[in-house]
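Here is a short report on two parts of one protein model. Keep the structure open as you read.

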Amino acid sequence: MSHTSGELERRPESAPAPYLQAQRTGDIAKVIDWPEFVAWARGRGVALAGLILIAAQLIWKAVFLSHYSFWQDDFHFLELARQHSFTWSYLTYIGAGHLTPGDYAIFWLVVRASPYNWTLATGITIVLLAAAGVAALRLLRTLFGDRPAILVLLAIYLLTPLTVPDIRWWSSGLESLPLQIATFMALNAQVHYVRTKRFRHAIAATAWLVFGLVFFEKAVALPLLLLAVTSAFLMEGPWLRSIGRSLLAFWREWVLQVVVVAGYVVVLFVSLRTSSTQPGTPGSAGGVTSFMFKLVTDTFVPGAIGGPWQWLPSADSEYAYSAPPSALVWLSLIVAAIVVAASIWHRRYAWRAWVILAGWLVGADMMPVLLGRISELGPAVLGLETRYVADAAPILAICVGLAFWPVTEQPDLVRRHAVVPGAGQFGRMIASGLVGAFIIGSVWSVQAFQTDTSGLPVQIFLANARAALAEVPAGTVIVDQPVPGALMTGLFGSFTSDSSVLDVLGPLAHPAGVRWTTQPSGTIDHLMVFGADGRLHEASIWGKASVPQRGCQAVRHGRAVVRFIAPTWRTTGVLRVPYLAAASVNGQDVTVRYGSSSQQLTLKAGLHDAYFPERGSAISVTFSGAAMSGMCVGSIGAGVIVPSASGTVIPTAF
């Protein structure tokens, strides 16, 4: 029995459920015209494929990031955020040569929302990665249209291992990813400005320049990049002449961007007064050459084709440096030379793209290091640091596209050569092989990095430290020592102390009745210290012990001498004296002499431990005073404080 649409509309609400379900299904079928939807999707296949590629990359990198945690500068910046209000002086603080107010703003918000929450930090990184991926896809479509080849360029950007160590280090990723977004979006606005001459696009390009500068000073190179691409590929004629024409045709935009960059540079130089790293000379010609050579041959070029395939772990295995095998270094250089030569043979202006890429590597990636820190860390290490070229990944993808494909609305300047039968098919086979090798190499390189590094020690330390501070009894004294190197190195000075790192946790870092000390002094029972595992251990002395003795020490004329088995170390930092005092001498003082140092100890009745800050070597400890008649000294230790292998541990579960 059939029904008209009018009859369906008049169907009572009490109609049977199967009937109503059939009606709803029919309505959905009418709303979604599947043939039309398929046609719509087919017309946007490249864009949809690009979004799928971006989504897959996000899942891959989210899994990668789950193996890590905060590290080095992350702790330093989180500590600063905890200690400061949201002020201009805080946002423009420069610790090691970088003016990054955008990063500081994010750190400030994260500390107050959920300190040491790696899931939150990873979420922020994933959002930035998604934004960068979408920005890359948008620019590639603007430059080259919806040709399937842009998926290769997008894959180069999304999959290159050059960016992986960068995002593993959260503070580094917060610098680089916004710059990458700004690069894509500013250039996209620039292309629209050149094509439409509408000044609002120039304003948009400048706004993205500001966005990049807020997060990374390398963004000062963006105007030069915009000028280079505009003159080389968005205008016709000899390049030098096109540069002049670009400057004249779009002078208002360049003036606007020069004003922005000049203002930023002024703020940068004013703020450098707080920086531990000041601009300087690059150093010797040999060091400069070594750094530049290694950064190109051992880091950037291998990374551009899916390398470096193997890594050199740092001392704490939390990080790794590019360390490609020599044979693969040569192979990558040969492949790069072939790609460059093929593009120049095929397209008239392809060489301009490689000049732009080289210019970015030198101006944006090499010069800041040469002027800032090469004298501190040395060229051998810095040349293997992929973080310095992570921001070149967008430039690489863009320049590969400019070298091989025409920009939409621009003439297709293909060189005319004699037709060789089968050459086109052979070229496509070679290109497909290179893309496949790049993808396989990238996955291999990222997995190798993950195998050679680990964030587990940091995760364990932070989890146990939280639990320890929540369980520690009132009245406990904790020795404030540097955190393990897996978290921070000594380069950060006082910021590496347990109390500073854990202060980010807020009130939890200062339990009621618990005291931190850098130099324990006086009678302190059950002195505690954090171990490398983040748990609180009873303190022990690593150094020299006194000669074993039976019973109490001999006291003559109110004086006793306790000798060490061997002279104590010159690096001795603390003296530990276990003692038993009778009730009759409670509150009385005893003089304790170690070497040329003399200190007073006020006795407490019962069995206790006393600590004295000391320096230098000695062969004995002398005790004197009337109270010695009621005091018995145990085994003395002189050296440095370390976690005890026995005794109380908080938390007990591990």
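Two strands count as a pair if DSSP finds at least two bridges between them. The model is predicted.

Strand β9 covers residues 574-581. A581 has G606 of β12 as its bridge partner.

| Partner of β9 | Residues | Bridges to β9 | Direction |
|---|---|---|---|
| β12 | residues 606-613 | eight bridges | antiparallel |
| β15 | residues 637-643 | three bridges | antiparallel |
| β14 | residues 631-633 | three bridges | antiparallel |

How many of the eight residues of β9 are buried? Six are. Buried here means under 20% relative accessible area. Strand β9 is therefore largely enclosed by the rest of the structure.

**A patch on the surface**

Now turn to another part of the model. L48, L51 and V134 make up a nonpolar patch on the surface. Together they have about 220 Å² of accessible area.

Look at L51. This residue sits in helix α4, which spans residues 45-65. Is L51 buried, partly exposed or exposed? Its relative accessible area is 42%. The partly exposed class lies between the buried limit of 20% and the exposed limit of 50%. L51 is therefore partly exposed. A patch residue needs over 30% relative accessible area, and L51 has 42%.

Note on methods: Residues are numbered from 1 along each chain as its sequence is written. This is a predicted model: local features need pLDDT of at least 70, side-chain atom pairs count only at pLDDT 80 or more; totals for chains, interfaces and linings use all residues. Side-chain values use heavy atoms; hydrogens and water are left out. Patches are made of residues with over 30% relative accessible area and no salt bridge: like charges are joined within 9 Å, nonpolar side chains (Val, Leu, Ile, Met, Phe, Trp, Tyr) within 5 Å. Accessible areas come from the Shrake-Rupley method with a 1.4 Å probe; for residues, only the protein chains shown count as cover. A salt bridge is a side-chain nitrogen of Lys or Arg within 4 Å of a carboxyl oxygen of Asp or Glu. Helices (H or I, at least four residues) and strands (E, at least two) are DSSP runs, numbered from the N terminus. Buried means under 20% relative accessible area, exposed over 50%, partly exposed in between (1.4 Å probe, protein chains only).
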